[in-house]
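Please walk me through this structure in plain terms. I have not seen it before.

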Amino acid sequence: MALAVGLTACSSSGSPSGDRSAAADPKAATGTVTVWLMDDAQKNWPDLVQRVNDEFAAKYPGVNLKLVYQGWADKVGKLDKALADGSAPDVVELGNTETMKYVLSGALAPVDRTTFDNSDSWIKALANTCTYQDKLWCVPYYAGARVAIYNSSAFQQATGSTEFPRTENDLLTALDKISDRNRSDRTFSPLYLPGPYWYAAMSYVAAYGGSIAKFDSSGNWHGTLHDAKSQQGIGHFVDLVRKYNKGDLTQNEQDQYVAMARGHAASFYGNGFEAAGVTAPVTGDPGLKDAVKVATMPGPDGKPLPTFIGGSDLAVTAESKQVAPATDWIRMFTSSRSEQALADKDILPNNLNQLNPLKNKPTTAAAANAVPDAWFTPLAPGWGAVEKQKIIPDMLTAILKGKSVDQATKDADTAIDQLINNPS
């Protein structure tokens, strides 16, 4: 009940008089709009930031725009402190796994989806990270996806082709050939797929039409890993792990790129940036630079394997006294022109209209093709506790140690049901 009250208070609070005047006459608006943006923008698309800031200054000449770049390592701690002491920014960039925490705490102001460019074609899974109780609490900014990362030389030596297979049947055939060629090396994994890697496991669950949890007619969430389709996806994932991962099956995916960098893997499934780790001077092997490539991971259903949607969102904080200009800054920063600037830099835009051309561009095809059917974690009050308790990774580890899929998924659902409906 406290949660509902908090959200209602947030959504029904009126704009300060100054903010209402800003909406009516931007030229007459005054004050300061503080924007917290992650340093990815400062490093990779400062030209876009400058253009939007110039556009904002032209529309709101009396408003001072204060831009503060943040790092991922300490942003959440800084934001929590700022929210507690009343010094929160007006606009904040949130990783899409961070949004629900602030929605549920009442820290974000609702926004009108219809006022943003391309909102009718936003990537569904990304928009879902901003949606709760049929209201939009943030705006999709850009997307991210997991892809197949592979050593093309290893594939060529075993299959005669440097291309990554486009169907799972062809991939399994290629992996078997790679396994045969390297059978003398018991540490070599044709596909390095860590056993507790739940993001990958749930991608296979999604491919089979299963889910982690569902919201039922009684108004509660309940675990659905024991459902037949979910079990099918989990079983398929476990079979792949057991057959092709020759390392420690209980090791997580934290540093999976190291296996390839050290010559112990022909392929793995990860974030696109992990490819750079394989060839980095200190952490990897620069000699593999020309061999390491990325591709779309094929799923068991003939389509790309659904990816966990990555990326960022932009939100207006509930305590902002400058809601109208703050929202307008986000509107400018996520406009068609702005999203195209991101797409031109091979960053996945927030909408399908501008994503589709990237599906045929060599540098972006792998990730772009994985996004349309992407999935996200349940938007439930207690999901944070489910993750913190490591219920799904522990379930996968238990299966790999001998527990049946049927019993392990039943136990996981029981544990999920105890946590998922309680604000964490």
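In this predicted model, three strands form an open sheet in the order β10-β7-β11, with antiparallel pairing. Strands here are DSSP runs of E with at least two residues, helices are runs of H or I with at least four, and both are numbered from the N terminus; two strands pair if DSSP finds at least two bridges between them. Because β10 (267-271) and β11 (292-295) stand at the edges with a single partner strand each, one side of each has no neighbour in the sheet. Neighbouring strands of this sheet are turned by 35 degrees against each other on average, direction ignored. Angles are taken between N-to-C directions and run from 0 to 180 degrees, with axes fitted as lines to C-alpha atoms, for helices over the stretch in contact.

Strand β7 (residues 146-151) runs antiparallel to β11 and is joined to it by four bridges. Ile 149 has Val 294 in β11 as its bridge partner. Helix α8 (residues 152-159) lies across β7, β10 and β11, at about 65 degrees to β7. Contact means heavy atoms within 4.5 Å.

A second open sheet has five strands in the order β2-β1-β3-β12-β6, and its pairing is mixed. Its edges are β2 (63-70) and β6 (139-144); each has a single partner strand, so one side of each is left without a neighbour in the sheet. Five bridges pair β6 with strand β12 (residues 310-316) in the antiparallel sense, and Val 139 stands opposite Leu 314 in β12. Helix α4 (residues 46-59) lies across β1 (31-38) and β2, running at about 160 degrees to β2.

Taken whole, the protein has 20 helices and 12 strands. Of its 424 residues, 53% count as buried, meaning under 20% relative accessible area with a 1.4 Å probe, protein chains only. Contacts between residues 24 or more positions apart make up 74% of those with a separation of 6 or more.

The pLDDT, the predictor's confidence in each residue from 0 to 100, averages 93, and 94% of the residues score at least 70. Over residues 1-18 it is below 50, and this stretch has 18 contacts in the model beyond near neighbours in sequence.

Residues are numbered from 1 along each chain as its sequence is written. Local features need pLDDT of at least 70 and side-chain atom pairs 80 or more, while totals for chains, interfaces and linings use all residues, and side-chain values use heavy atoms, leaving out hydrogens and water.

Conventions. Buried means under 20% relative accessible area, exposed over 50%, partly exposed in between (1.4 Å probe, protein chains only).
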